[in-house]
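Have the structure open while you read.

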Amino acid sequence: MSHDLVIVGAGAAGLAAARTAGELGLDYVLLEASHRIGGRGYTEEIAPGVAFDLGCHWMHSASLNPFVAIADRFGFTYRTGTYPRGLFVDDHWASEEERASLDAFMDQCAAAIAAAARAGGGLSVADVTERENRWTPVHDHFVTLGSSADPDQVAVEDSQNYQDTGENWPIKDGFGNLIARYAEGIPVTLNCAVRRIDWTGRTIELDTPKGKVAAKRVLVTVSTGILGAGDIRFDPALPAWKEAAIAALPLGTHNRIGLLFERDIFGPDCPRGGVFVDFVEPGREGMAFALNAFGQNYAVGYTGGRHAVWLERAGQAVAVDLALERLVKAFGSEIRRRVTRTIVTAWNGDPWTKGSYSAAQPGQAHQRAELGRPVDDRLFFAGEATSTNFMSTAQGAYLTGIAAASDIARSLGLVTAA
């Protein structure tokens, strides 16, 4: 039996494509290599009734984000507005003058990146931002969290092209749980990794552990980590321009260290939601924390880029100890005795993603559009790496999945072009 469409990957892009394909009347099959849906949107409980997102957590650019309406539809709780911030530098909480100095430096970096992106030239974020400033480690750290790669690995155009409204709203009930709720009723075949896509003939054949599947069209939504590793073989091979796009958009690493405490150990004066700890001690990587989000007694330490990869390989115990070391400097050694549970993510080693999200290499931001371009009007691609304005986000993946499914329906003559 040949289907209209096979969708490879049941993350946000694949699920949105499946929902759209069904609404447009396509006969589709959705295949997922993992034992679960959601891809890089995944929620666990760090305590009974306390959700912890291992992947996406914030609804970024919320006024433009379709997941806000989805969260409202299903009654999920989220926080609006901006989160409070604190800054711990060296061995003290920053003064107003120090915080103003940091803000000015961050603005300076943003302006330099924007100017370089407009000028072109294929520069990295590191190329255009001051390297010796006291606050350079702070800016660099947040680059690694936003892009999952270090500043020398990130195209200035990626930062400029991202449509950032400054609205970043976390979901109390878990973004992974929201994606799973959205997916209810969508048929998915789990534990079904696609090993080979043969598009030699008019009908495309996909080889899986559960047998062959045939379709007129295929939509690939897996990460560039999977594509770049060659985990899916294409026969014939993908054209050189597509391979170049995959190589230009590698996945970096962003990991989280969750620490649950038996009670509120940070005190009433601590900024809730975000505090920056121990950034500027020479020779040390900084670490940002979210503290007691939604009034729940846990902290989340954030790592990104090469440091995140190193820490992941060092092991969970090392990651937890490092996070506690940073918190102890600001809040005292008592907190060590109050930890009741920990969660540490390991996206670099995840076999179904092989990383967190894509970062365009310097001079290669244009490859996002190329990655999303169909091959022979039969092989289609979607996912956060193909988004030109919401890369690295769940909404970017979601929106590209909808667009790809609509394009596929048009290519099959099931809907007319707008």
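R410 comes out as partly exposed, at 33% relative accessibility. Its salt-bridge partner is D407, with N and O 2.4 Å apart, and D407 is partly exposed too, with a relative accessible area of 34%. Keep in mind that this is a predicted model.

**Salt bridges**
- R410 and D407 sit three residues apart in helix α13, so about one helical turn separates them.
- The whole structure has 20 salt bridges.
- R196 and D235 pair up at 2.5 Å, N to O; R196 is in strand β9 and D235 in strand β12, so the bridge ties together parts 39 residues apart in sequence.
- D235 is buried at 15% relative accessible area, while R196 is partly exposed at 25%.
- R196, D198, R233 and D235 are linked in a salt-bridge network.
- E384 bridges to R40, with the closest N and O atoms 3.2 Å apart; the two are 344 residues apart in the chain.
- E384 counts as buried, at 5% relative accessibility.

**Helix α1**
- Nine of the 12 residues in α1 are buried, so the rest of the structure largely encloses this helix.
- Its cover includes β1, β2, α7, β11 and α13.

**Where α1 meets α13**
- The two axes come within 7 Å and cross at roughly 35°, in a right-handed crossing.
- By class, this contact has 10 nonpolar, four polar and no charged residues.
- On the α1 side, the contact residues include A12, A16 and T20; on the α13 side, they include A397, Y398 and I402.

Definitions and conventions
Residues are numbered from 1 along each chain as its sequence is written. This is a predicted model: local features need pLDDT of at least 70, side-chain atom pairs count only at pLDDT 80 or more; totals for chains, interfaces and linings use all residues. Side-chain values use heavy atoms; hydrogens and water are left out. Buried means under 20% relative accessible area, exposed over 50%, partly exposed in between (1.4 Å probe, protein chains only). Helices (H or I, at least four residues) and strands (E, at least two) are DSSP runs, numbered from the N terminus. Contact means heavy atoms within 4.5 Å. Axes are lines fitted to C-alpha atoms, for helices over the stretch in contact, and angles run from 0 to 180 degrees between N-to-C directions. A crossing is left-handed if the near helix is turned anticlockwise from the far one by less than a right angle, and right-handed if clockwise. Ala, Val, Leu, Ile, Met, Phe, Trp, Tyr, Cys and Pro count as nonpolar, Asp, Glu, Lys and Arg as charged, and the others, Gly among them, as polar. A salt bridge is a side-chain nitrogen of Lys or Arg within 4 Å of a carboxyl oxygen of Asp or Glu.
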